[in-house]
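Here is a walk through one structure, part by part. Keep the sequence and the 3D view at hand while reading.

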Amino acid sequence: MGIYITGIGVVGGFGCGVTELLACLENGATPVKELPASRSHGSAYGPAFLADTSYLETFVPKKSLRRIDHFSQMAILGAYLALQDAGMPSLTGQRTGLVVCSGYGAANTTFSFLDSIIDNGDVCASPTLFSNSVHNAAAGHISILMELDGPCLTVSQFEMSVSSGLISACLWLEEGRVDQVLFGAVDEYCNVLGYCWRRFFGEGNNGIMTPLSPDRQSAIPGEGAAFFLLSRDKAGSSRYASVRDVRMGRLDDNGISCPEDAILILGADGHSRCDEPYINFISQGTEAACYSPLYGSLPIGQAFDMAIAALSIKKGRIFASPGAVARQDSINIIKEDHLIGSKSICCLKLGKEGEFGMATLSPK
Amino acid sequence: MKRAPVAITGIGCLSAAGMTLKENMASLFSGARHVAPPKRFSGSHPVSYPVFEMSEDPVPTRKSKDNISRTCGLGLAATIEALTDAGLEAEGMAGVKVGVCMGTTVGSAMNNEEFYRNYRNDLHPDMAIIERFLNGNPASVIAREFSLSGPCQTIVNACSSGTDAIGIGASWIRSGRCDIVIAGGADELCRVTYNGFISLMISDDSACRPFDRNRKGLNLGEGAAVLILESDNFIRKRNKTARAFVLGYGSACDGYHLTAPHPDGKGLKKALADALLESGKTGKDIAFVNTHGTATRDNDRTEVKVLREMLPNAPFLSTKGYTGHTLGAAGAIEAAFTVACLESGMIPANAGFAEPDPELGASPVTGIANIQKKIAISESLAFGGDNAALALGMERE
């Protein structure tokens, strides 16, 4: 049974919506921003790819957003953008599932809740911050605003969150539990996270990410959301692509088999220790691209790669990797746009302990 | 639509009521309640809110000795008991498609108070705490411990996570994606979460009283449970028999409120209806319902309203009076209890219940009761408006 992507909604450092993502893909660059001081207690780490959610007011009245934090607002915006991109189908009365993936959840609100305890004592812990700090708060807000009543799932599997959640989303469709799934992923930057980066990796870099350079730690924090409307209905298939396969496993087992002549999008994101397995694993001469310099380093980066893969399939061409992606003798890094015909695209994410997650999109 | 039953071949469970499923069931049927003020942390509330804290720590495994959370330790201990019960060893799972699907809440939260206090005070916090968090994804820890290579999923649907993990694990088996799924939930007691529930004014300052007229809220607890789900082919290959079956699973969100259930139980009704539909059974086949039964005013009102409408003749109970509310583990622990009750042909009393609530119009079981039927429901409601229900049975049909 086919599962089709009929709408995409993205928000991140590159901008808001597929048009702005497409513009960055064509320009090959996303400007990084200096961090605002307001993002949780403490000082900023350095530049980051930050998301602006102001466009959300197009879909939701400002007063309804007062008590919804930045994390959930990114997710809500991604979800609405995906629906808008799909032509705003009515969800009422439809069997619609919701799957939201996140590596770290609502980090800023989690620490703000701790602030309420530390600053004011246990008896003054904030109930609003507590209820918004749970990992499934974003899914809860989406279901309330969109009046969803189908199955709902939030998954947190760090870097494997997207592949893991997508497995369940596809199974819901395959087994006929639902007719469509609003599937998405979200993660946010916070100053505590930046502090951890500084302690683990040293001071921030010069604002240029150079993934696939195992001797250089170049990751820049990112944040954002990427959502997809997935459907069993083939009528919408011409919009983007089909999800042909989703897999998780360990490299040291039987490795990963990609479809013959498929193109790889690598989830390498400038963490030297994490990027090395890509170089070691990829077969000699494999055609691969890497787009993390456009959205930054965040656990759910694979969702942005899926959006880029779907856009590539729709356009019939693969986009050049941003200039900063390092060249490796063993990998044929795509440095120029070119036509791809009916090739499939595999979005591959490798973990630091040999685990992998891979989503394969194809034109049919 | 009716779906194929999925076999349960092993169960592991630990909570304040016991370190094994057998110990837990002995506590439930003896009426023992191990509820007391927290020992591992303190608070500055004017009253002490009791919790169901485990008296022993889970035994660390060889691999897990290095820097994992208590939640992961609980999950591993439940997994080891469940695998032993199923007659499975690590060697027997080599080359087999084994997935891990675990529910949690605390286990995925980056909210370490010690780290954050030191961070705020520029006291160079210990990064081992963050490393432990990054190494401590509950599903990944189990997969790593047993060198498993199948899908791995940590579900964070708040309090329905454990129920959802079992339902989704069953889907992985039916689809052929896995031969075995280690499915369940784990959560430790945590001061931050403790303060959170108190801030919402849904914690009781005495032992919780599910469905009682004078109920004031929940007591938090900790623990873990794991069910080993197995494909028919793999069971045949191992020449084993099923202990019970996952017959149906339903999940539906309320789309109503972040922390309160829909007053009419809209999502719960749908989840329950789907679980029954998948099982191919009707209300008259149900032996009992192991409710979410947190003892909060709203939860218990909603649950009884739905049960009176959908399963008016099924006896119901909450087991949270024995374990406390174990959050992401609760659904799994209660599924384990549900199977154990079906096996024994008895259900325990709803601990903490003394006075019927006229507003509810129905009361839980008040003493140990015999059951004849072979199918039961275990259900969960959660923050975010999530609802989930499992139909569990002793027989395939």
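This is a predicted model. Of the 14 residues in α3(A), 10 are buried, and the helix is mostly covered. Among them are A107(A), F111(A), F113(A), L114(A) and I117(A). The helix covers residues 107–120, and at 1.5 Å a residue it should span 20 Å; its end C-alpha atoms are 20 Å apart, which agrees. After α3(A) comes G121(A), with a positive phi near 95°.

The contact between the two chains takes 58 residues from chain A and 52 residues from chain B. On the side of chain A that touches chain B, the elements giving two or more residues include α3, α5 (137–146), α6 (161–174) and β7 (242–250) of chain A. The largest share of that side, 7 residues, comes from α3(A). By class, the side of chain A that touches chain B has 30 nonpolar, 19 polar and 9 charged residues.

One residue of helix α6 of chain A is E174(A). In sequence E174(A) and R232(A) are 58 residues apart, yet their C-alpha atoms are 8.0 Å apart in space.

Now turn to chain B as a whole. Chain B holds 12 helices and 12 strands. Its C-alpha atoms fill a box of roughly 60 × 55 × 40 Å along the principal axes. For 397 residues, a compact globule would have a radius of gyration near 21 Å, and the 20 Å of chain B agrees with this. Of the 397 residues of chain B, 64% count as buried. Among contacts in chain B between residues at least 6 apart in sequence, 81% join residues at least 24 apart.

Within chain B, strand β5 (residues 223–230) has 8 of its 8 residues buried. In a regular strand the side chains alternate between the two faces of the sheet. In β5(B), G223(B), A225(B), L227(B) and L229(B) lie on one side, A224(B), V226(B), I228(B) and E230(B) lie on the other, and both faces are covered. Strand β1 (residues 6–15) of chain B runs antiparallel to β5(B) and is joined to it by 8 bridges; here G12(B) stands opposite V226(B). Strand β4 (residues 180–187) of chain B also pairs with β5(B) in the antiparallel sense, over 8 bridges, and V181(B) stands opposite L229(B).

In soluble globular proteins, nonpolar side chains tend to be buried together. The largest nonpolar core here has 257 residues, and those with the most contacts inside it are L227(B), L229(B) and A336(B). Leaving aside residues up to four places away in sequence, A336(B) touches I11(B), C13(B), L21(B), A225(B) and L227(B).

The last element is helix α12 (residues 330–344) of chain B. It has 15 residues and reaches 21 Å from its first C-alpha to its last, close to the 21 Å expected at 1.5 Å a residue. Because 13 of the 15 residues of α12(B) are buried, this helix is largely enclosed by the rest of the structure. Just after α12(B), G345(B) takes a positive phi of about 70°.

Conventions:
Residues numbered from 1 in each chain as written. Chains lettered and ligands numbered in written order. Predicted model: local features only at pLDDT ≥ 70, side-chain atom pairs only at ≥ 80, totals over all residues. Helix = DSSP H or I, 4+ residues; strand = E, 2+ residues; numbered from the N terminus. Expected span 1.5 Å × (residues − 1). Buried ≥ 20, exposed ≤ 12 C-beta atoms within 10 Å, placed from the backbone. Rg over C-alpha atoms; globule rule 2.2 N^0.38 Å. Contact = placed C-beta atoms within 7 Å. Nonpolar A, V, L, I, M, F, W, Y, C, P; charged D, E, K, R; others polar. Core = buried A, V, L, I, M, F, W, Y, C linked by C-beta atoms within 7 Å. Pairing = 2+ DSSP bridges.
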